[in-house]
Structure formats: structure tokens, C-alpha cells
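Q: I would like to learn how to read a chain interface and a metal site. Can you take me through them?

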Amino acid sequence: MSELDELLKSFGEAGGDQSILANTAFAHLAASGHKILSRRAVKGIELDTVESDKGISATVRLLKGTRLLNPVHLCFGVLHRSGIQEINMRVNFEKDSQASFIAHCIFPKAEKVKHIMDAVIHIGENATMRYSEIHYHGIYGGIEVYPKARIIIGKNGRYFTDFLLINGLVGKLMIDYGVEVGENGVAELIARVFGHATDNILIKDKVALNGVNSKGLIKTRVAIENNAQAQVIGVTEGNARGARGHVDCMEIVKDNAIAKAIPLVKVSNSLAKVTHEAAIGSVDKKQLDTLMAHGLAPEEAVDVIVRGILK
Amino acid sequence: MVLLEIKSISYRVKEKEIFSGLSLSVEPGEVHAILGKNGTGKSTLAYLVMGCEGYIPTTGEILFDGKAINHLLLHERAKLGITMAWQEPVRFEGISVREYLTLKNKEIDPSKYLEMAGLYPGLYLNRMMDNTLSGGERKRIELASVVALDPRLVILDEPDSGIDMLSIRDILNVITVFKENGASVILITHREEIAIIADKASEICNGKIICSGAPVKVTQYYKTRKCEVCAGEECTFV
Ligand SMILES: Nc1ncnc2c1ncn2[C@@H]1O[C@H](COP(=O)(O)OP(=O)(O)OP(=O)(O)O)[C@@H](O)[C@H]1O
Ligand SMILES: [Mg+2]
């Protein structure tokens, strides 16, 4: 079996649609470890890639006015038990362009794997990017993931991201996102993570609302059980007139797990407004009682609530 | 034959004695309205019967089908066929109305139950059970969900609160469905037009049932009673 077939197989086992890479209507980039296995560009998108000894570098350019109907699929993985994968991404959405990216990060056998993502993303004037990152980790927990991104949003630009890691053990996860939002721009950062065993989770999101009337939302949903630990740091700065920011963090804690939330709000313009809410605790008792009154066993009820929050 | 028998229960929170020797029984298929002023303990009675955590009578017994249930946990009582619709139903993130109605039984047709509660299924099945639902919508979905459970005993804690005046017949409709299914209903309400459709009514005051009987009689008694701040004087009447 070729490496690509193997990556696709794991992708399929994790619930992904394997036919996507064969579909010529979809742009994609698939890399295993340091090797680029497959790539396709479609009209309006330029894709340059380089392999290095630690991973790959990719430069993505979405040309002015391009509106992609189909999402671009990124498929990254390490299929071996150990290894390192460093991905450098430079993304540029030119004026009036619009596209969705879905990144599938697959580490089915990881016992000693390190995955580093370093992205710099420019969202041009009136451009919109939606970026979802879905992780499929195996059951061994021997993985370290460092997703780092710096995002600069221009006038009327919009950036939505959704990070999802609810399958398998997390291992060590250190998210570090920083967004600068320009005039009338919008940034929405969502992360949903389910930690077990001795998983160690750090989510650090920073949104600087630098432009007039810019908007930002940081939403984090974390559930942790056993001896897992999670820390969520949500920083929002309101630096311009009419800027509106909100930080919404919810962490559900079971067993001996430990959760921390640090919402940090800084406002340097009196006409900006930033709000935050953080709720950490065990499953809501009234929700639990309601589901049990509907005939669910206590464990089933907890599961329904946690799955709902991570959805 | 009695389905639910509450035998002289007492219950207190902190310094406040909420019940002191309250007794009540409900027969199979009986709709039993509970009346009482704000703060008299109607919701507390519901929690005691349902078995919410921390709600165990200090004295007395609660029997269901002849067996004591006051030490059973909430989900164990639910297994016996007891359920309730809360006065203020809780919201859920990430659970759709469709999922909520089919949590226990995947086979049922959720549309049928939404319609019973006066909601158009096409508009609601894919909505989320979160705070985007209005208060009245949430209450109706709760009613639909408890009908779908086909319980033997259901406690409806003010099913009419938050429901607009013109839609009271939807609530009456749901109660009728319970009756047709042979379920017993404990119907907590402040509204006379709801209470009078019950088979029987009881008024709680000062920790006890002070009046019990035909709904017309009990609502009448409740309305004309002089006692405003009950100090137990008026309410020793049984
Ligand atoms: N944990 C508590 N600590 C102190 N007092 C409590 C507690 N729980 C309930 N109470 C009091 O017990 C009384 C009964 O409350 P309950 O909610 O059962 O009233 P109710 O009859 O349902 O009122 P309403 O008609 O307003 O719904 C109230 O006076 C309430 O303030
Ligand atoms: Mg009440």
C-alpha cells in the first residue's frame, strides 16, 4: 500500500470522505511526515510547496475576487509511531476572495510524534476565510501538537476558525493563535477539545481589535476527565472606536481533572467594549436531573451533555 | 388503588420548615391539581417526588405502586415511570429538538409530540435546545418530551406559565393526552381554568394540604379565603 493510500485509509477510518482527493473540483494538499503525497490547485488558487528535512512549507494564494465553492482540503499526518512534522503555511487571501479550508490532522499510531503548525495568514480587504481543523489522534496519547497562527485581517475582512479535537487521546496540545482585526473586520475563534487520561491542554487565543468597528469572538469548549489538565487563556483587546469583543469559555471537569480559565480583557479606547464569561465546573446539575428524568442513566446523561457542548 | 402515596412527610431547608406532615395520594389515571401561593413549596414537593439530589423527606414516606421510593435516586424513579416537567426548564448547548425528543426512544416520531404541544415540527425539529428558544417555546418542547416518554406519573410544574393566553388549550390538550394514555398527572398551577379540568385538587399552605376535593370547590376556597399571609390560623381548616 502506498503512503498516500495509508493516509487515506486512516482518514477514512476517522470518518473522512476518501473520495475528496480524487475529485477534481476540490483543491487539496496531502502530506505525510516530510513528504508531499498529493496536491491539486483549482482555478483562482495558487499552491507552492517545498519539502524540508523536518516537514513542509506551503504558500497559498487565493487570487483577487476568487470565490471557491468547494472547500480546500488539507490532509496532514504522521502514520508512524514516532516522528516530527513541521508545517509552515503562508496564506494570502487577496481582496474580495472567499474560501473555506478544512484541515484533517491524522496521527493514528502516535507514541512519540510531534506536529508543529506555524501559519501566517493575511485576510485582504473584503475577503473571508473559514478554517476548520479536525484532529484524529490515536489511543496512545504520545503526541505533541503545537498549532501556532498569526492572522492579520484587513478592512471588512472576516476570519472564522474552528479547532476540533474530540477523538482519541489529546496528548499535549499547545494552541497559540493571535489575530489582529482591522476596520470593520470580524474574527471568530472556536476551539473544542475533549481531554482524558493525562492529556495536557493549553489554548491561548488573542484577538486585538485594532480597527474601528471590528468584532471578535473567542469561544472555547473543553471537557476533561481522569487526570487531564486544561488551561484556557483568552485575551481580547479593544483598541478602537466601536470595537466589540467577547470571550466565552466553558470547561466541564470530571474525576481528578484540573481546569483553569484566564480571560484577559484590555480596552484602550473608551468607545470599545469587551465582555467575557467563563464557567468551569462539573456537569450542570439541573441538566443532569432533566436528562435522568427523561430516562437516561447518569453516565449516559453526562455523555449527552458533554457531547452537546463539544458539538 | 393508589399509584402515588405521600405519607405525612416533613422537609426543611436551612431554617425553614417547608412541609410538616404533608399527605397526598394520587390514583392511576388521576389528574391532581396542586394550588398554593408563591413559596408554599409546590416545586419542592415536585422535587421530593422526583427524587432530585438532596430532596429526601426528614420524616414520612413516599410510596409508588405500594413501594417506598424516598431513598431511590432520580434515575431509578424515572425507570419506574415517574417524570416531570420543570417550572423553568433548563437549556442545552449542541442538542437539537429532534435529538432531545428521541433521547430515550429513537423509534418515536418527534413531530407528533411537537404538534400535541402546539408547535409546528418543520420549524422546530432542527432548532437547538439552547437560549435561542423563547421561554414559551422551551416549555412546550418540555411538555412534548414528557408526553413522548409515556410515563405512569408525570409532574407538571406550572405548565401554563409563560404560555400565551390564547394557547392555554394546547396545555389542556397535553393533559388530555396523558389522561388518555392512563397516566397520572400532578398538575401544579396558578390558573383556575387549568385547575378545573383536574379530577381532584389540593391546596398547600403552611406545610400541609389544607383543602382537598373537587377542583371547583378547592379553587373557590382558595380564592375566597381571607388568609393573605398565612400564619397557620386560617389554614388549620381541613
Ligand atoms: N435552598 C433553599 N434555601 C432556602 N430556602 C429555600 C431553598 N429552596 C427553597 N426555599 C424556599 O422554600 C419555599 C418553597 O419554594 P418552592 O420553590 O417549592 O415554592 P413554590 O410553591 O413552587 O413557589 P412558586 O409558586 O413561586 O413557584 C420558598 O419560600 C423558597 O424560598
Ligand atoms: Mg414553583
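Q: Which residue of chain A forms a salt bridge with E93(B)?
A: A salt bridge is a side-chain nitrogen of Lys or Arg within 4 Å of a carboxyl oxygen of Asp or Glu. Here R221(A) pairs with E93(B), and the closest N and O atoms are 2.9 Å apart. The count between chain A and chain B is 2 salt bridges.

Q: What kind of model is this?
A: It is a predicted model: local features need pLDDT of at least 70, side-chain atom pairs count only at pLDDT 80 or more, and totals for chains, interfaces and linings use all residues. Residues are numbered from 1 along each chain as its sequence is written, chains are lettered from A and ligands numbered from 1 in the order written, and side-chain values use heavy atoms, without hydrogens and water.

Q: How much area is buried between chain A and chain B?
A: The size of an interface is often given as the accessible area lost when the parts come together. Buried area is that loss (1.4 Å probe), summed over both parts. Here the value is about 1,900 Å², with 63% from carbon and sulfur atoms. K286(A), A293(A) and H294(A) supply 32% of the area that chain A buries against chain B, more than any other three residues.

Q: Which residues coordinate the magnesium ion (ligand 2)?
A: Donors are N, O and S atoms within 2.8 Å of the metal (3.2 Å for Na, K and Ca); water is not among the atoms, so sites may look incomplete. S43(B) coordinates through OG and Q87(B) through OE1, at 2.0 to 2.1 Å.

Q: Is S43(B) buried or exposed?
A: Buried means under 20% relative accessible area, exposed over 50%, partly exposed in between (1.4 Å probe, protein chains only). S43(B) counts as buried because its relative accessibility is 15%. Q87(B), at 25%, is partly exposed.

Note on methods. Buried area = accessible area lost by both parts, 1.4 Å probe.
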